[in-house]
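Please open the structure in a viewer and keep the sequence at hand.

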Amino acid sequence: MRVTHVITRLVVGGAQENTLATIRGLRQIPGLEVRLITGPTIGPEGSLAGEAAAMPDLLTTVPELVRPVQPLKDFVALRKLENLLREQKPDLVHTHSGKAGILGRLAARRAGVPLIIHHIHGPSFGNFQGALANFVFTAAERHAAKVTNHFFCSASAMTRLYLAAGIGRPEMYTRIFSGFELGPFLNATNDPALRHRLGLAENHFVIGKIGRLFRLKGHADLLTAFATLLPHAPHARLLFVGDGALRSELESQVRALGLDGKVIFTGLVPPGDVARYVGVMDCVAHLSRREALSRALPQALAAGKPVVAYDFDGADEVCRENETGFLVHTGDIPTAARRLLQLVTDPALGKQFGRQGQHFVRENFSVEKMVNDQYRVYLKLAAERGLHA
């Protein structure tokens, strides 16, 4: 069976890590031939293109497949994708992300690909953007759904959102949690050398945030919440793991809130090193306003760290209220501050949440489970179409 994945770009991010982990796993299954098409990897978030290029006979780059809507480039990208898929003759095309999801599915249908799956890692429409953008993206998703055989979602919240928008039918959706290598997180330790390098004292309670410094990821809300709790917990520190376009803006907010010396920016951290940083955290906060299901939440739980998250999209599927952490109504910064302060002042509760979360993640978030779940759907769809798999 020949499978081609299509993604817009290979920056450091959850959807991209998910895609590469899936491809590595699928390539170990006898009888599967897996390829990947991507656009150019541009952005301050860092690149995973090197990891993809290291896999033989995998990667093809389409320069015109860019993230912003650019009609001329989009048309050229569509034609190039169609031609590539005609050459590769895949039995199944599996698309990821917004732009590649639309153009990749349309190109696959034009190229006569028998099976087309789209993977929803996060919503392309919602209250995080204006009415015109929502109209355009919703219409595009509805149109692409007409040539889609199945959808994978990293959270059931995405299934509900897309069905409510009139995209597809319930039987077309399968939730598959975004798996990752559990070992480094399960074995993460509170490394004294790393704490020293970050300027953290032994008594500091570290609130961590993992993610690109990007709008809607919740960094600004977390800074405000942190400023509220700090007078009651002066030994607390905030650790931002990641980099991005908002770095200078967030640094300005730190100064404006009088948080100099209390907030640490790590800069870009390779995905393979994230577990080391989670190890020095006492809890993880994720106040994102646009996310299907952030990998930061199960990664934190895998390391036995409690989480505090906005109740946006699929967060409640991992951040279980009073079980693995605290869910906060999206935008309720005062409550987020109170919940974080509760973890600072009650370490035993945080450890209890962490133990329960670690058990949940062991059962649901391994790469092996993610790959096997996807492969089973591949086989089911192929059998329904009478394809040899």
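**First stop: a pocket**

The second largest pocket has a volume of about 520 Å³. A pocket is defined on a 1 Å grid over the protein atoms alone, as an open set of points with protein on both sides within 12 Å along at least five of seven lines; lining residues have an atom within 4 Å of a point. Its volume is the space filled by probe spheres set on the points, which are joined across faces, edges and corners.

The model is predicted: local features need pLDDT of at least 70 and side-chain atom pairs count only at pLDDT 80 or more, while totals for chains, interfaces and linings use all residues. Residues are numbered from 1 along each chain as its sequence is written, and side-chain values use heavy atoms, with hydrogens and water left out.

Select Ala21, Arg24, Phe180, Glu181 and Val367, which lie nearest the centre of the second largest pocket among its 23 lining residues. The elements that give two or more residues to this lining are helix 1 (14-26), helix 7 (183-186), helix 11 (274-279) and helix 15 (367-385). Helices are DSSP runs of H or I with at least four residues, strands are runs of E with at least two, and both are numbered from the N terminus. Helix 1 gives the most to the lining, with five residues.

**Second stop: salt bridges**

The term denotes a side-chain nitrogen of Lys or Arg within 4 Å of a carboxyl oxygen of Asp or Glu. The pair links distant parts of the chain, with Glu51 in helix 2 (residues 49-53) and Arg24 in helix 1, 27 residues apart. Glu51 is partly exposed, with a relative accessible area of 35%. Here buried means under 20% relative accessible area, exposed means over 50%, and partly exposed lies in between (1.4 Å probe, protein chains only).

Next, select Glu64 and Lys80, which form a salt bridge with the closest N and O atoms 3.0 Å apart. This pair also links distant parts of the chain: Glu64 is in the loop between strand 3 (59-61) and helix 3 (71-88), and Lys80 is in helix 3, 16 residues away. Glu64 is buried at 17% relative accessible area, whereas Lys80 is partly exposed at 34%.

Because they are four residues apart in helix 3, about one helical turn separates them. Arg86 is partly exposed at 39%, but Glu82 is buried at 8%. Across the whole structure, a search finds 20 salt bridges.

How many disulfides does a search of the whole structure find? The result is zero, where a disulfide is a pair of cysteine sulfur atoms within 2.5 Å. Select Cys319 and Cys283: the sulfur of Cys283 is the nearest cysteine sulfur to that of Cys319, 11 Å away. Cys319 is buried, at 0% relative accessibility. Cys153 is likewise buried, at 0%.

**Last stop: a surface patch**

Finally, select Leu132, Phe135 and Val136, which form a nonpolar patch on the surface with about 360 Å² of accessible area together. Leu132 is found in helix 5 (residues 131-145) and is exposed, with a relative accessible area of 67%. Patches are made of residues with over 30% relative accessible area and no salt bridge; like charges are joined within 9 Å, and nonpolar side chains (Val, Leu, Ile, Met, Phe, Trp, Tyr) within 5 Å. Accessible areas come from the Shrake-Rupley method with a 1.4 Å probe, and for residues only the protein chains shown count as cover.

Note on methods. 1 Å grid on protein atoms, 1.4 Å probe; cavity = no way out; pocket = protein on both sides within 12 Å on 5 of 7 lines; lining within 4 Å.
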